[in-house]
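Here is a short report for a first look at this structure. Keep the sequence and the 3D view at hand while reading.

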Amino acid sequence: MTDAIVAEGLVKRYGSVVALNGLDLTVPEGTIMGLLGPNGAGKTTAVRVFTTLLEPDEGSARVAGLDVRTQADALRTSIGLSGQYAAVDDNLTGFENLDMVGRLYHLGRARSRERARELLERFDLVDAADRPVKGYSGGMRRRLDLAGALVAKPSVLFLDEPTTGLDPRSRLGMWDVIEELVKGGTTLLLTTQYLEEADRLADQIAVIDHGKVIAEGTADQLKDQVGGERLELSVATSAELTTAKSALADLAVGPMESDERQHHLTVPVAGGSAVLMEAIRRMDAESVKVLDVGLRRPTLDDVFLTLTGHHAEGEDEK
Amino acid sequence: MKLLQALADGSVVAKRNLIKIKRVPDLLVFSTAAPIMFVLLFAYVFGGSIEIPGMDYREFLMAGIFAQTVLFGATITGSGLAEDITKGIIDRFRSLPMARSAVLVGRTTSDLVNNALVIVIMMITGLIVGWRIHSSPLEALAAVGILLLFAYAFSWAMAWIGLLVRSPEVFNNASFIFIFPITYIANTFVQSEKLPSVLRHIAEWNPVSAVTLAARELFGNTSPLQTPPDVWPLQHPVLASLGWVVIFLLIFVPLANYQYKRAVAR
């Protein structure tokens with residue numbers, strides 16, 4: 001298997017701001033790479049370098065075997081880009097938007113029209129095809145924008161935060177569409193700040209922070225890096241929390257974390273549900289009233305927190 | 001072959017912009033409403049107090065109005081591009097294998113078409129308030145041609161600035177502050193020789209004055225009773241206007257292209 005995207009030591013500076021700080025990335029052909037990071041981490045800058053919108057200051061990148069600097073023209077014929085803005089023209093109809101993109105990919109008049117019809121069908125926009133985009137919902141605009149990226153059947157597809165700003169229902173719809181479309185063997189680089197999205201869609205995840213890939217692997221591998229299971233327990237009073245802590249101490253395989261205000265205890269454990277049952281038994285024996293208890297695998301947010309010292313979502317440092 | 005492809009790409013983009021004129025007719029209405037208001041204000045409010053030797057003020061006024069109107073029309077190039085940047089449409093275009101020049105060529109071309117429509121509306125307005133063409137149809141066409149050519153060259157300057165500021169709001173405010181003085185410190189609404197000395201020099205060398213006078217002469221809206229100008233651009237206004245067109249294109253086509261290649265949404 002060859003690699004569809006290869007980046008080595010990419011650096012991009014904006015004045016004193018370092019957007020990319022030696023980014024290395026390899027995406028094998030036909031796979032989905034999730035580029036996960038908070039706002040301002042460099043995700044969009046990376047996509048812009050790969051799609052020839054920006055020239056890197058240092059380092060090199062190849063997409064579909066073509067150099068982003070020296071073979072930009074040829075490269076653009078084999079990629080599709082859908083950005084976070086839904087770059088569609090409000091005053092054109094859905095059909096006119098796609099037809100225009102087809103013409104600019106040089107598909108020719110007849111082929112452009114045919115392709116526009118196909119894509120409108122596929123993205124469930126046939127009824128809205130001849131209405132100006134102005135009246136489309138957020139989800140419809142995103143679908144149209146995504147359709148625009150697929151006009152020339154690109155071998156490498158870039159989706160920059162494809163669901164940012166969508167309501168939960170539209171987001172789920174978008175995920176279905178994306179899953180469907182990569183079944184055909186397209187390589188996809190997807191950026192997201194939503195852990196759930198990367199978890200669901202990506203084969204491989206690269207966690208990016210301050211312009212660098214700080215961890216890479218499948219969702220499971222990343223979660224394992226952070227550690228195994230944890231037992232989470234909530235009780236009603238601080239006294240019970242203290243009792244619980246000492247009763248469970250020997251089940252812990254690492255340092256316990258307790259939140260005195262929420263009366264919440266996190267215990268790293270090994271052994272699965274047997275440990276959970278043992279813990280409940282001990283709480284019962286100590287007459288501690290358990291409000292909530294559960295066994296939980298680390299989430300990608302835990303991965304994030306461990307790797308970067310901050311949470312992935314809810315930050316806006318751009 | 002490459003040139004043909006570039007022209008084809010440019011026409012696809014121009015078509016896209018022209019659809020907007022059709023779908024949002026308010027745009028054309030409002031880009032002509034302001035100049036029509038100017039015509040009425042100048043013709044009926046100020047006109048009575050402005051003496052132009054040998055002719056009615058309205059005859060004098062219209063060439064100035066045409067020049068101002070097409071310059072404002074040319075600003076659409078800048079605000080349109082700034083808007084396309086903020087909406088991410090330029091990002092999309094730049095990721096496509098289309099000719100690099102197509103967005104700018106398409107944009108300036110569609111704005112030229114828009115300006116042609118606007119100038120027709122303004123000429124009708126002029127005819128209604130009493131402006132007349134006293135020259136041959138060919139000369140009148142040449143006058144329209146020079147106005148449009150100048151506006152086209154000016155479009156490229158607006159393209160550069162629009163790509164530079166990247167915000168349609170900022171661009172609109174900036175162009176307003178800029179275009180008012182350059183269209184007023186000129187021979188557009190008053191005779192430049194009546195201006196105080198410093199302003200008079202600026203007005204005489206202002207490209208807008210050359211274009212206005214060229215149009216005025218070609219429409220036959222001048223009178224032998226007016227003092228002959230003593231600076232070169234106003235003695236040869238047609239030549240000077242064409243010179244300005246060439247200078248503007250030579251400076252701003254490369255600058256706009258350079259800026260386009262590095263334009264990305266924030």
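Two strands pair if DSSP finds at least two bridges between them. Helices (H or I, at least four residues) and strands (E, at least two) are DSSP runs, numbered from the N terminus. This is a predicted model, in which local features need pLDDT of at least 70, side-chain atom pairs count only at pLDDT 80 or more, and totals for chains, interfaces and linings use all residues. Residues are numbered from 1 along each chain as its sequence is written, while chains are lettered from A and ligands numbered from 1 in the order in which they are written.

**Chain A**

Chain A holds an open sheet of four strands. Their order is β2-β1-β4-β5, and the pairing is antiparallel. At the edges are β2 (17–28) and β5 (66–67) of chain A, each pairing on one side only. Strand β1 (residues 3–14) of chain A is joined to β4 (residues 58–63) of chain A by five bridges. In this pair, A7(A) sits opposite A61(A) of β4(A).

Helix α1 (residues 43–50) of chain A lies across β1, β2 and β4 of chain A. The helix runs at about 120 degrees to β1(A). Such angles run from 0 to 180 degrees between N-to-C directions, with axes fitted as lines to C-alpha atoms, for helices over the stretch in contact.

Chain A is also divided into domain 1 (3–224) and domain 2 (229–296). These bounds come from an automatic or database domain assignment. The C-alpha centres of the two domains of chain A lie 44 Å apart.

**Where the chains touch**

Two residues are in contact if their C-beta atoms, placed from the backbone, lie within 7 Å. The contact takes 25 residues from chain A and 19 residues from chain B. On the side of chain A, α2 (72–77), β6 (79–82) and α3 (94–104) each give two or more residues. α3(A) gives the most, with five residues.

**A helix pair in chain B**

How do α3 (residues 57–86) and α5 (residues 102–129) of chain B pack, and at what angle? The angle is about 155 degrees, with the axes 9 Å apart. α3(B) and α5(B) are therefore roughly antiparallel (over 145 degrees). Residues that meet include F66(B) and V70(B) from α3(B), and N114(B) and V118(B) from α5(B).

Notes
Angles under 35 degrees count as roughly parallel, over 145 as roughly antiparallel, 65 to 115 as roughly perpendicular and the rest as oblique.
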